[in-house]
Amino acid sequence: MLTEKDFAFAAEILDSKKLFVFDMDGTIYLGGIPFDFAVKFINKLRESGRRILFFTNNASHSPEFYFDKLTRLGFSPTMDEICTSGNVTAAYLQRKRTGKRVYLLGTSELYDQFCDYGIDMVNDRCGKWDGRVADITVTSFDTTLTYEKLTLACDFIRGGAEYLCTHPDFNCPTETGFIPDSGAIAACVTASTGVTPTYFGKPYPETVEMISEITGAEKEDIIIFGDRLYTDIATGKRHGITAALVLTGETKIEDVETALEEEKPDIMIESLETAGRMMFG
């Protein structure tokens, strides 16, 4: 895929970076199966003094869940190296929508995360409504989705509630194929209500703001690795961060050829094994 000249150019770019941001599913693992070369590459980065941030749009699980999973898979994370679109959305609600009542169509883990941020919820962990009117409806990747939860979300939006969504991903990659993600659920809600949500997570500016806040890194010192053009790569391209595409997840080479300019990667490699060879031989 890369000529010798391209390889050398990409290696020079990688070597200049100080903060390496990694998408998770499809980039460093697939479902519950880690990519061994990703473990080795990230360990080498730490040994060389680089900083790591794991950022996933998948808000169905908490940072604590990802800490346990990444530890189990051999990535040796610290809690301050983990962030999700759930963190970004909850922080926005806490700072920009103080005192607003929220109905969440999401998992119990995301519900607990929102509560930790002090958000006033009109439903419980299982999605049961407490009878109060919601000012804001938030939908996400909900593996516990029920028709009742979907109906309540749509009812609040039709009644005038602001509509937010944690992340736009249509599919979540697993070991056995793709399953419907947050963007697919949001598309259903939009089809019913006619209202398009305000999205968070990658590739939206609130995510870049949170990465900068967490790490203190300058944009020119950051590189983001991911397997999706419209989230991972677009995050970099829209906000002045170097974007590296890996072909271990959703995106195929033919997708890049037809992609919008703002979604075309700065670097395209087969996997993080190639990135490891570029930097460490």
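A: Strand β1 covers residues 19-22; L19 and V21 point one way from it and F20 and F22 the other way, and all are buried. Buried means under 20% relative accessible area with a 1.4 Å probe and protein chains only, exposed means over 50%, and partly exposed lies in between. Strands are DSSP runs of E with at least two residues and helices are runs of H or I with at least four residues, numbered from the N terminus. This is a predicted model, in which local features need pLDDT of at least 70 and side-chain atom pairs count only at pLDDT 80 or more, while totals for chains, interfaces and linings use all residues. Residues are numbered from 1 along each chain as its sequence is written, and side-chain values use heavy atoms, with hydrogens and water left out.

β1 pairs in the parallel sense with β4 (residues 51-56) over four bridges, and in the parallel sense with β13 (residues 222-226) over four bridges; pairing requires that DSSP finds at least two bridges between two strands. L19 stands opposite R51 in β4 and opposite I222 in β13.

D221 lies in the loop between α8 (205-215) and β13. Neighbours within four places in sequence aside, D221 is in contact with K17, K18 and L19, contact being heavy atoms within 4.5 Å. D221 is buried but has no salt bridge, and K18, the nearest side chain of opposite charge, is 4.0 Å away. A salt bridge is a side-chain nitrogen of Lys or Arg within 4 Å of a carboxyl oxygen of Asp or Glu; for charge, Lys and Arg count as positive and Asp and Glu as negative, with His and the chain ends not counted.
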